[in-house]
Amino acid sequence: MPEDNAATGPCWQERVPLAPANHAPLAPEYPWPDGYQAAMFLSFDVDAETAWTAKDPARYTELVTMSYGGYEARVGVRKLLELLAQEELTATFFLTGWSVEAHPAMADAILHAGHEIAHHGFHHLMPQPGDPMLVEEVDRGLDTLKRRLGVIPIGYRAPYGESCEELRVLLKKRGLVYSSSWRDDVRPYRHVLADGAPGLIELPVTMTYDDWLFGLSHRYSPRPMFPREHVLSIWKDELEETRAWGGMVTTVLHPQCSGRPMRLKLLREFLQHTRSLGDVWIASGRQIAHHFALCEAASER
Ligand SMILES: [Zn+2]
């Protein structure tokens, strides 16, 4: 039907410009601090029940589905905090505002253990351009972290790892310093907004370290379960080569998955392996973003 093609042609041209979606220049090759050869951004996403209600609030009445998320507050976060204390590691926890409101003792425990608290939306809604909830998700999340925990976060990870220009501009306006959602690099870089202004620092992510892909299955999120040997093989190989490149890896670990006994054992082994290498900086997002900002300022002098 030629008429239809004629109508849709210009529309596609407008909607998909002939340019890359990310205008940021290539990541600068700043050295890691203290002689480290590579870095690991150790981070956890505490979605709790919002992982399940974000796509349909009616699921709140499906109590066994809710119990997947509820595991975080009852068991998962506590066991992960124990592991981090044993390994003497400081991590970043991205929390949804709802998780903080519904599970204040869990959020307090993370804070009092000395870990970084960062922003992960309120209801874990996927950020989409033009969505009236987009601003509310950011502002209600900020309000909850401040009111409940006294925290003004500097880090943000987008629910479902999605973002848009409106959100990038809003995060900068609200004073966030770094984002950890993009998949397009192995080193930190500075975002460039559509108007050419500098945006947040990006601490990029790879799906390799998203534990949900390997260890959590449900009828709303059906996936194969991977045994320890397979996950360790994937995680170690990615780390080994990234280390050789002098880059960074970012973990995206969910307490409803990695707080399970077998998964926690696997994570312990992986963290001990990483530490044994001796030259991988295991750090929070705040530390890595701070280091990037220092190097950036020094390079501009
Ligand atoms: Zn999440």
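This is a predicted model: local features need pLDDT of at least 70, side-chain atom pairs count only at pLDDT 80 or more; totals for chains, interfaces and linings use all residues.
Colleague: How do I read a pair of packed helices?

Modeller: Two packed helices are described by the angle between their axes and the distance between the axes. Here helix α6 (residues 133-149) and helix α7 (residues 165-173) pack at about 30°, with axes 11 Å apart. The helices are DSSP runs (H or I, at least four residues; strands are E, at least two), numbered from the N terminus. Axes are lines fitted to C-alpha atoms, for helices over the stretch in contact, and angles run from 0 to 180 degrees between N-to-C directions.

Colleague: Why are α6 and α7 called roughly parallel?

Modeller: Angles under 35 degrees count as roughly parallel, over 145 as roughly antiparallel, 65 to 115 as roughly perpendicular and the rest as oblique. With an angle of about 30°, α6 and α7 are therefore roughly parallel to each other.

Colleague: Which residues of α6 and α7 meet?

Modeller: From α6 come L134, V135 and V138, and from α7 come E166, L167, L170 and L171. Being in contact means that two C-beta atoms, placed from the backbone, lie within 7 Å. By class, the residues of this contact are 6 nonpolar, no polar and 1 charged. Ala, Val, Leu, Ile, Met, Phe, Trp, Tyr, Cys and Pro count as nonpolar, Asp, Glu, Lys and Arg as charged, and the others, Gly among them, as polar.

Colleague: At what angle do α9 and α11 pack?

Modeller: Helix α9 (residues 228-245) and helix α11 (residues 261-277) pack at about 25°, with their axes 11 Å apart. That makes α9 roughly parallel to α11. Their contact includes W235 and L239 of α9 and F270 and H273 of α11. It has 8 nonpolar, 2 polar and 4 charged residues.

Colleague: Is L81 buried or exposed?

Modeller: A residue is buried if 20 or more other C-beta atoms lie within 10 Å of its own, exposed if 12 or fewer, and partly exposed in between, with C-beta atoms placed from the backbone. L81, in helix α3, is buried because 22 other C-beta atoms lie within 10 Å. Leaving aside its neighbours within four places in sequence, L81 is in contact with A109, I110 and A113.

Colleague: Where are E88 and Y160 found?

Modeller: E88 is in the loop between α3 and β3 (92-95), and Y160 lies in the loop between β5 (155-156) and α7. E88 is exposed, with 8 other C-beta atoms within 10 Å, whereas Y160 is partly exposed, with 15. Phi is positive in these non-glycine residues: near 55° for E88 and near 60° for Y160.

Key:
Residues are numbered from 1 along each chain as its sequence is written.
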